[in-house]
Amino acid sequence: MLKQLSFLVALFLSNLLIVCGQDWQTVRSGRIAYFDKDQGLVKSLRIDSVKFDRDSVLYPMANIQQIGPNCITPKGNSWIGKKVIIQNNGVNLFFNNNNDTIRINTRAKVGDSWTLFEIKDSIKITAEVKSAEIQPVLSEMDSIKTIGLKVYEKNVLKEHHYLSDKWLVISKNYGFVWMMNFNVFPEVPNSSTFEILESFNLIGLSHPNLGVQNLTWLGVHDYGVDDELHVVSNTWNWSVNPGYRNEVKTIWKILERIESIDSVYYRIERKESLKKSIERWDNISYTFTHDTINAVYKPDFLFDKLPGEPIVSDYGADANVMFNEGAFIKKLTSYMPIQKLSIDSCWYYIFYDGGDPGYYLKGLGGPYYNWNEIISGDDRSLVYYKKGAATWGTPLVITGVQNLEKENQVKIYPNPATDFVTIENPTGRTENCLLQLIDMQGREVLKNSITITNSYRLDLSSLTEGAYLLKLENGEKQISRMIIKKD
């Protein structure tokens with residue numbers, strides 16, 4: 001009974017705080033927010049700088065924006081406007097691309113209304129808090145307020161205006177839950193500008209990490225042991241003599257995963273078939289491969305940029321784009337390429353036939369693409385995957401490959417290691433081998449001739465911390481494995 005009473009009191013106090021209004025904030029520095037529109041294009045919001053005066057002035061990350069009929073800039077306003085002013089009275093001010101003001105009263109209670117936007121003798125938009133309650137936000141329970149809009153043109157209520165059915169939703173701890181791209185507010189959605197007015201909902205947040213996060217290079221290559229990727233690639237060109245078509249079917253299976261401070265190492269079993277067709281279908285040959293390969297992935301500075309964040313170089317500017325497509329997080333590169341072609345501040349779109357830049361999938365690799373012309377083309381498709389217990393697609397069946405030799409089943413442990421590793425030979429035969437250790441800069445740090453019967457103990461105590469490629473060669477075969485040295 002006491003527990004039930006305590007719960008009711010807590011619930012009453014929570015709702016009382018909502019009703020009385022709280023000093024909420026729509027946008028905060030020190031964290032990144034991600035929004036999308038109906039599981040589609042992801043927009044990111046990051047505050048790059050803050051100025052403190054009587055109020056706090058927040059400057060969001062720049063975006064590539066159109067600033068004239070034929071003029072683009074990589075240093076344009078954020079999609080929410082150039083800046084946000086957080087006033088001490090709880091009013092948050094946003095500014096569109098004409099420097100007009102949008103006012104969000106975060107302390108308003110249910111039934112309170114105010115002028116959200118106004119252009120004298122033209123348009124007036126009022127806002128009213130329609131409801132205040134506790135609801136899940138990014139799987140966490142939080143207090144939220146729903147704000148409805150009304151539009152007046154020359155003081156006449158426009159009930160059927162495109163903004164009259166729009167909503168803004170803010171939460172106590174996470175800011176905007178449902179918002180619009182204020183940089184073009186209140187432009188008509190069907191206008192011919194580069195950016196149109198749309199509504200976006202919150203799908204992810206950093207610090208704490210909740211929901212969707214930026215897809216990074218390590219996130220693309222986030223595999224577990226026994227995961228499989230089945231990929232089909234085709235390249236063809238009938239305009240050359242002789243014309244050809246190559247089809248490659250590949251199955252990757254993760255055998256080992258080792259993490260170091262800034263990288264992840266994988267040992268991968270590869271089964272592959274190559275079908276070559278010369279002069280269309282007149283001459284066909286097959287090649288089969290079955291081996292193990294090593295792969296090391298580290299953070300990629302350019303790929304890891306936030307979606308929409310300008311990547312500016314001496315040759316042009318670009319931005320990555322990311323899509324939230326239900327179970328898939330997809331990231332593309334080479335989005336909106338522009339180039340500065342004059343001495344003024346204008347940049348221009350680059351129109352060229354550069355093929356499909358390709359996309360990458362969270363935990364499923366890439367790039368995957370489809371560049372298809374009449375007489376030539378290049379495509380690469382994921383046709384099946386196994387991730388833990390989850391599967392998708394139709395698995396490939398590759399016949400004609402030989403089983404891996406038992407020598408490739410050499411065990412090396414512990415890995416990561418501090419002082420030594422043991423190399424275990426499953427054949428039990430005495431082997432004379434050349435052993436090499438190569439660091440990640442390609443430098444040979446150790447080279448010894450050794451003899452292995454059942455096992456060999458390799459001393460690592462003199463090595464610095466990091467990842468090394470260990471190679472064993474007996475004159476007939478070569479085995480390579482990645483090992484991690486820890487202090």
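Two strands pair if DSSP finds at least two bridges between them. The model is predicted. Its chain holds two helices and 35 strands. The briefing starts with the whole chain, then moves to strands, loops and single residues.

**Whole chain**
- The chain has 487 residues, and buried residues make up 44% of them.
- The exposed surface comes to about 25,800 Å². Carbon and sulfur atoms supply 49% of that area.
- Among contacts with a separation of 6 or more, 53% link residues 24 or more positions apart.

**Strands 9, 10 and 11**
- Ile125 of strand 10 is the bridge partner of Phe117. Ile125 also has a bridge partner in strand 11, namely Val151.
- Strand 9 and strand 10 form a hairpin with three residues between the strands. Asp121 in this hairpin takes a positive phi near 60°.
- Strand 10 and strand 11 form a hairpin with two residues between them. Leu138 sits in that turn, and its phi is positive at about 55°.
- In a regular strand, side chains alternate between the two faces of the sheet.

- Four strands make an open sheet in the order 32-31-34-35, with antiparallel pairing.
- Strand 32 (444–452) and strand 35 (478–485) stand at the edges. Each has a single partner strand, so one side of each is left without a neighbour in the sheet.
- Neighbouring strands in this sheet are turned by 20° against each other on average, direction ignored.
- Strand 31 (residues 431–439) and strand 34 (residues 466–473) run antiparallel and share six bridges.
- Leu437 has Leu470 of strand 34 as its bridge partner.

- Tyr413 and Pro414 are joined by a cis peptide bond, with omega about -10°. Pro414 is in the loop between strand 29 (411–413) and strand 30 (420–424).
- The bond from Asn415 to Pro416 is also cis, with omega near 5°. Pro416 likewise lies in the loop between strand 29 and strand 30.

**Positive phi in loops**
- Gln39 is a residue other than glycine, yet its phi is positive, near 50°. Gln39 lies in the loop between strand 1 (32–36) and strand 2 (42–52).
- His207 is another non-glycine residue with positive phi, near 55°. His207 is in the loop between strand 15 (199–205) and strand 16 (210–211).
- Exposed means over 50% relative accessible area. His207 is at 59% relative accessibility, so His207 counts as exposed.

**Ser263, a loop residue**
- Ser263 lies in the loop between strand 18 (244–259) and strand 19 (264–278).
- Buried means under 20% relative accessible area. Ser263 has 7% relative accessibility and therefore counts as buried.
- The side chains of Ser263 and Ser260 are joined by a polar contact of 2.6 Å.
- Setting aside neighbours within four places in sequence, Ser263 is in contact with Ile258, Val296, Tyr297 and Lys298.

Definitions and conventions. Residues are numbered from 1 along each chain as its sequence is written. This is a predicted model: local features need pLDDT of at least 70, side-chain atom pairs count only at pLDDT 80 or more; totals for chains, interfaces and linings use all residues. Side-chain values use heavy atoms; hydrogens and water are left out. Buried means under 20% relative accessible area, exposed over 50%, partly exposed in between (1.4 Å probe, protein chains only). A polar contact is a pair of N or O atoms within 3.5 Å; within protein, one must be able to donate a hydrogen and the other to accept it, and residues adjacent in sequence count only if both atoms are side-chain atoms. Contact means heavy atoms within 4.5 Å. Axes are lines fitted to C-alpha atoms, for helices over the stretch in contact, and angles run from 0 to 180 degrees between N-to-C directions. Accessible areas come from the Shrake-Rupley method with a 1.4 Å probe; for residues, only the protein chains shown count as cover.
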